[in-house]
Amino acid sequence: MKGTEHLTVQREGATLVLTLNRPDARNALSLAMLVGLYDGWLEADADDTVRSIVLTGAGGTFCAGMDLKALAGDRMQGQHHRDRLKADPDLHWKAMLRHHRPRKPVIAAVEGHCVAGGTEILQGTDIRVAGESATFGLFEVRHGLFPIGGSTVRLQRQIPRTHALEMLLTGRPYSAREAAGIGLIGHVVPDGTALAEALEIADRINACGPLAVEAVKASVYETAEMTETDGLAAELARGRPVFDTADAKEGTRAFAEKRQPVYKRA
């Protein structure tokens, strides 16, 4: 659990919590933050004791987007981060979940601003919780820019196209209630409680069979753009092996014995 100067990593039981930690800049994305994020995704997937991930922001805000100035020229961030980007030019896209999908469920806990690059990262998460004063939006077109973090592809697949196009083409802000109404987020909670709610959801996931959870997540994304026939075939190929695992046997045994199962990922 290394983290960086702009990204903190901590454990909450079986959940790995990644916190964007640059509150003085509304957690705008810096190179140090992106390196920490990518390392966090990799750490979660490599550690079998981690069963879920929560992504949140420090200081009452989630992420105000990319800090282009910091990415371009701030040597105070450390040459070692720049060396990482030079070695892997795709690192920033992997960090933003554009070119990487963790196999563990990712839950976003949003407070305050979640705009531009923040809303783009959000689209790479699986479950989304927001405080009632949170703000969402893709502001790039207002500045003559393009939301290149994946939004012109993903957003129309996650919410109705008319809403996706309005968000993309107007660059206007959306309240948490409005974002929930169009399906961008799943839960609106009192301000200051998004992280607690996300951790509760994570605990419910953590209590389930980890191999089943990972297979279900993989199947959902794998079959999203398939025909129904191809999707059902892929689901069987992904799901059948789960029934042969020790986890499946433990889950059914625990149900019969009316006790909580103890899963060991086998």
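The largest cavity first: its volume is about 30 Å³. A cavity here, on a 1 Å grid over the protein atoms alone, is a set of points where a 1.4 Å probe fits but cannot get out. Grid points are joined across faces, edges and corners, and the volume is the space filled by probe spheres set on the points. The structure holds 1 cavity of 30 Å³ or more.

Before going on, the ground rules. This is a predicted model, with residues numbered from 1 along each chain as its sequence is written. Local features need pLDDT of at least 70, side-chain atom pairs count only at pLDDT 80 or more, totals for chains, interfaces and linings use all residues, and side-chain values use heavy atoms, with hydrogens and water left out.

Back to the cavity. Which residues line the largest cavity? They are R51, K104, P105, I205, N206, C208, P210, V213 and E214. Lining means having an atom within 4 Å of a point. Helices α9 (194-206) and α10 (210-223) each supply at least two residues of that lining. The largest share comes from α10, with 3 residues. Helices are DSSP runs of H or I, at least four residues; strands are runs of E, at least two; both are numbered from the N terminus.

Stay on α10 for a moment. A215 is in that helix. A215 counts as buried, at 13% relative accessibility. The cut-offs: buried is under 20% relative accessible area, exposed is over 50%, partly exposed is in between, with a 1.4 Å probe and protein chains only. Setting aside neighbours within four places in sequence, A215 is in contact with R238 and V242. Contact means heavy atoms within 4.5 Å. The C-alpha atoms of A215 and Q156 are separated by 25 Å, and the two residues are 59 apart along the chain.

Now the cores. The largest nonpolar core has 45 residues. Those with the most contacts inside it are L18, L37, W41, V110, F136 and L184. Helix α1, residues 31-46, gives the most to this core, with 8 residues. A nonpolar core is a set of buried Ala, Val, Leu, Ile, Met, Phe, Trp, Tyr and Cys residues joined through side-chain atoms within 4.5 Å. There is a second, separate core of 13 residues, including V17, I107, V129 and A194.

Take W41. What does W41 touch, leaving aside its neighbours within four places in sequence? W41 is in contact with L18, I53, L55, K94, A95, L97, H100, P102 and V106.

Phi of R26 is near 55°, a positive value in a residue other than glycine. Phi of N27 is also near 55° and positive, again in a residue other than glycine. For background: most residues other than glycine have a negative phi. Is R26 buried, partly exposed or exposed? R26 is partly exposed, at a relative accessible area of 42%. N27 is buried, at 0%. S30 is buried as well, with a relative accessible area of 0%. From S30 to E166 is 28 Å, C-alpha to C-alpha, across 136 residues in sequence.

Q158 lies in α6, residues 151-158. Q158 is partly exposed, at 29% relative accessible area. Beyond neighbours within four places in sequence, Q158 is in contact with Q123, R128 and G183. Q158 and G171 are 13 residues apart in sequence and 18 Å apart in space, C-alpha to C-alpha.

R177 is in α8, residues 176-181. R177 is exposed, with a relative accessible area of 54%. The C-alpha atoms of R177 and L18 are separated by 25 Å, with the residues 159 apart along the chain.

Last, the rings. How many aromatic pairs does the structure hold? It holds 0. A pair needs ring centres of Phe, Tyr or Trp (its six-membered ring) within 6.5 Å; planes under 30 degrees apart count as stacked, over 60 as edge-to-face and the rest as tilted.

Charges do sit over rings, though. R101 lies over the face of Y221, at 3.9 Å from the ring centre. The charged end of R172 sits over the ring of Y174, 3.9 Å from its centre. The test is NZ of Lys or CZ of Arg within 6 Å of the ring centre and within 35 degrees of the ring normal.

Methods
1 Å grid on protein atoms, 1.4 Å probe; cavity = no way out; pocket = protein on both sides within 12 Å on 5 of 7 lines; lining within 4 Å.
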